[in-house]
Amino acid sequence: MTGEIDMATAPRFRQRLLAAISAGAQDVVIDLSGVDFIDSTGLGVLMGAAKRVRSAEGDIRLVMVGSRLADLIELTRLDRVLDVFDSVSAATEDSEP
Amino acid sequence: MADPASIDFEIPARPEYLSLVRSLVVEAADMDTNLSRERVEDFKVAVSEATTNAIEAHARACRDESIRIRCKITEDRIEFHITDRGFGFYPDQIQVLPEPDDPSRLNFERGLGIYLMRVLSDDVEINSGPDGTQVCLAIHLSANDSDC
């Protein structure tokens, strides 16, 4: 993902995530390194996706590199329900943050 | 800092205008070079959340009217006033979300907007009634305790 995730772009983001989940993806890595803005609508999409994936015994791993996104995830304490990694390789290598 | 100014504008109640509003936040904040990039980014999120709520309020009320936004720049603060003509709500009656450790927290995709407005702005005032809602968000340019 790149750019901004807000009310305008969240539907497309949600659609892409749901397509991957529907295709059978169990452990989903979402690289948000190129995203320079996310708001509560975007965070809600991540929550919804995590719920779906976990109901299928899978998990969602977020990749963020030194961004304000990571601060926002921490501020909302969603880092306690969403696993955050600092690189795609870390997210794919290890099941724990 | 530039001279005090007040700028009124309207946007169609459509999500594609959110990015424009955020740009205006950055432009207004850039008039004070002492504001850190982090604080500007925080305030941008807060204003975007209020504008998103306003757009949703008009959609729920099936109103085709514009959202009114006032940007007020003074010596010591920048304010954004976002006014909609939706059905209004009672801020004190917003549902309390489960704690992050609670697995049921993932059942709530919404409900973070007002929280983010409160923690990412220096001052927040919400006035809501059956004819609409006005949200005033402010960021201080220097130590100042006055409210919206």
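This is a predicted model: local features need pLDDT of at least 70, side-chain atom pairs count only at pLDDT 80 or more; totals for chains, interfaces and linings use all residues.
Residues are numbered from 1 along each chain as its sequence is written, and chains are lettered from A and ligands numbered from 1 in the order in which they are written.

**View 1. Overall form of chain A.**
Chain A contains 4 helices and 5 strands, where helices (H or I, at least four residues) and strands (E, at least two) are DSSP runs numbered from the N terminus. Along the sequence these elements follow the pattern β-α-β-β-α-β-α-β-α. The C-alpha atoms of chain A occupy a box of roughly 30 × 25 × 20 Å along the principal axes.

**View 2. Phe85(A) and its surroundings.**
Phe85(A) belongs to strand E5 (residues 83-85) of chain A. Phe85(A) counts as buried because it has 20 C-beta neighbours inside 10 Å. A residue is buried if 20 or more other C-beta atoms lie within 10 Å of its own, exposed if 12 or fewer, and partly exposed in between, with C-beta atoms placed from the backbone. Buried residues account for 38% of the 97 residues in chain A. Leu32(A) is 53 residues from Phe85(A) along the chain, and their C-alpha atoms are separated by 10 Å.

**View 3. The open sheet of chain B.**
In chain B, 5 strands form an open sheet with antiparallel pairing, in the order E1-E2-E3-E5-E4; two strands pair if DSSP finds at least two bridges between them. Strand E1 (5-11) and strand E4 (123-129) of chain B stand at the edges with a single partner strand each, so one side of each has no neighbour in the sheet. E1(B) is joined to strand E2 (residues 67-73) of chain B by 7 bridges. Within E2(B), Cys71(B) stands opposite Ile7(B).

**View 4. The hairpin of E4(B) and E5(B).**
E4(B) pairs with strand E5 (residues 132-140) of chain B in the antiparallel sense over 7 bridges. The hairpin that joins E4(B) to E5(B) passes through 2 residues. Thr133(B) in E5(B) stands opposite Ser128(B).

**View 5. The largest nonpolar core.**
The largest nonpolar core has 61 residues, of which Ala50(A), Leu62(A), Ala46(B) and Leu137(B) touch the most other members. Helix H2 (residues 37-60) of chain B gives the most to this core, with 8 residues. Such a core is a set of buried Ala, Val, Leu, Ile, Met, Phe, Trp, Tyr and Cys residues joined through C-beta atoms within 7 Å. Among the residues that Leu137(B) touches are Ala46(B), Val47(B), Phe80(B) and Met117(B), not counting residues up to four places away in sequence.

**View 6. The contact between chains A and B.**
Here 21 residues of chain B are in contact with 21 residues of chain A, contact being defined by C-beta atoms, placed from the backbone, that lie within 7 Å. On the side of chain B that touches chain A, helix H1 (18-29), H2 and helix H3 (113-120) of chain B are the elements that give two or more residues. H2(B) gives the most to this side, with 6 residues.

Technical notes: Two residues are in contact if their C-beta atoms, placed from the backbone, lie within 7 Å.
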